[in-house]
Amino acid sequence: MKKITLLLLLLISSISYSQNEIKKYYSLDANYFYGTILEHNPDIAHLITGHPQGFILSLNQKTYGLKAWERRYNYPDFGYSFTYQNMENQYLGKNYALYAHFNFYFFQRNLMFRIGQGIAYASSPYNPETNYINNAYGSRFLSSTYLMGNFQRQNIYKGFGIQAGVSVIHYSNADFKSPNNSTNTLAFNLGVNYLLDYENTPDFVPKDPNEKKYTEPFHYNFALRGGVNTTGVIGSKQYPFLTISAYADKVINKKSTLQAGTEIFFSKALEEYIYYQSVAFPLEQTTGDEDSKRVGIFVGHLLTFNKMSLVTQFGYYVYYPYDNYVDQIYNRLGLQRKISDHFWASATVRSHGANAEAVEFSLGYRL
């Protein structure tokens with residue numbers, strides 16, 4: 001399932017980071033939201049009939065700069081969220097989701113930006129007999145991402161504070177099962193927060209103005225990425241895929257690493273799609289003999305938090321003999337976890353614009 005491992009990686013990171021802490025500090029927050037489903041794809045226009053609403057409940061573990069990376073990122077929070085969303089459409093039903101999230105603060109900690117990654121349960125997924133109208137969710141379990149930007153004031157009175165802002169909630173399964181047109185909800189949210197043990201919270205450890213600049217020489221990486229996906233045709237079976245990547249990286253500071261490289265894609269789903277097109281539409285241009293392999297070049301960036309990193313990559317298929325499948329430009333987004341000095345693991349989503357092709361589970365080696 002798309003990004004389930006992203007959630008697990010973040011949970012593991014949270015546990016491994018916090019196990020040596022003597023004292024932990026937490027906050028709670030609750031938000032009500034009301035919004036609309038964005039028509040990112042005309043195929044879901046018939047599902048936009050009302051204004052979705054729901055709530056977001058969150059537990060946040062505070063940081064105060066005991067680790068150097070916390071000071072670098074202005075003392076972020078990490079925690080867990082539960083959301084309930086009524087899609088206000090009889091075919092979409094209701095969604096319930098669990099997330100791991102990070103909160104980042106700006107403008108003297110009055111502006112909070114949150115990114116959450118998790119898994120959702122859809123009460124009314126696509127069913128060819130009972131719910132064929134729902135072409136957004138092909139499976140009962142979905143991956144979900146949510147973004148939140150809040151104006152926030154904490155501890156206004158005895159630990160209580162208020163917040164208000166905008167959220168975007170995304171549900172998809174990255175073509176793990178068709179159909180998969182997905183939904184994106186843009187919502188306004190209003191809520192309250194509460195700082196536990198507010199009378200005893202510590203001061204922030206000051207940032208070190210003399211922290212030395214950190215760089216590393218070029219390193220070379222090799223990665224195997226795999227998983228399963230479908231052809232994108234409703235009723236398609238799931239097929240395995242394999243991607244072999246080779247690239248160089250350059251650490252420019254303790255936050256950022258730049259990447260550039262190449263990769264080759266082997267996709268059984270694309271092979272089956274080519275065969276399907278040649279048989280189902282014999283008068284079209286597809287013959288069935290087209291090569292399903294692709295070769296891409298890409299550039300990327302790692303944003304590092306302790307042993308976890310946010311992966312962002314943009315690529316272009318320089319060898320793409322069958323161009324009637326997805327766009328020639330692709331992107332990759334996900335989380336990477338450092339296992340040792342040489343090995344790492346990641347879970348990423350490879351997309352083409354708003355069209356997610358696959359969830360990739362990767363194992364890499366860094367020279």
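**Figure 1. Aromatic cluster of the predicted model.** One aromatic cluster is formed by Trp-69, Tyr-73, Phe-78, Phe-102, Phe-104 and Phe-305. The structure is a predicted model, in which local features require pLDDT of at least 70 and side-chain atom pairs count only at pLDDT 80 or more, whereas totals for chains, interfaces and linings use all residues. Residues are numbered from 1 along each chain as its sequence is written, and side-chain values use heavy atoms, with hydrogens and water left out. Over the whole structure, 27 aromatic pairs are found; rings of Phe, Tyr and Trp (its six-membered ring) pair if their centres lie within 6.5 Å, and planes under 30 degrees apart count as stacked, over 60 as edge-to-face and the rest as tilted.

Figure 2. Phe-55 is partly exposed, with a relative accessible area of 34%, and Phe-82 is partly exposed at 29% relative accessibility; buried means under 20% relative accessible area, exposed over 50%, and partly exposed in between (1.4 Å probe, protein chains only). The rings of Phe-102 and Phe-305 are stacked, because their centres lie 5.5 Å apart with planes at 15°. This pair also links distant parts of the chain, with Phe-102 in strand β4 (residues 94–106) and Phe-305 in strand β12, 203 residues apart. Phe-102 is buried at 11% relative accessibility, as is Phe-305 at 8%.

**Figure 3. Lysine charges over aromatic rings.** The charged end of Lys-23 sits over the ring of Tyr-25, 5.4 Å from the ring centre. Lys-250 lies over the face of Phe-218, at 5.6 Å from the centre of that ring. A charge sits over a ring if NZ of Lys or CZ of Arg is within 6 Å of the ring centre and within 35 degrees of the ring normal.

**Figure 4. The second largest pocket.** This pocket holds about 640 Å³ of space. Of its 29 lining residues, Glu-216, Val-251, Thr-304, Lys-338 and Arg-366 are the closest to the centre. On a 1 Å grid over the protein atoms alone, a pocket is an open set of points where a 1.4 Å probe fits, with protein on both sides within 12 Å along at least five of seven lines, and lining residues have an atom within 4 Å of a point. Elements that each supply at least two lining residues include α2 (68–72), β9 (219–229), β10 (239–251) and β12 (294–305). Strands (E, at least two residues) and helices (H or I, at least four) are DSSP runs, numbered from the N terminus.

Figure 5. Asn-150 lies in strand β6 (residues 141–157) and is buried, at 0% relative accessibility. Asn-150 and Val-166, 16 residues apart in sequence, are 6.6 Å apart in space, C-alpha to C-alpha. Thr-130 is placed in the loop between β5 (111–122) and β6 and is exposed, at 67% relative accessibility. A C-alpha separation of 9.7 Å is found between Thr-130 and Tyr-91, 39 residues apart along the chain.

Notes: Points joined across faces, edges and corners; volume = space filled by probe spheres on them.
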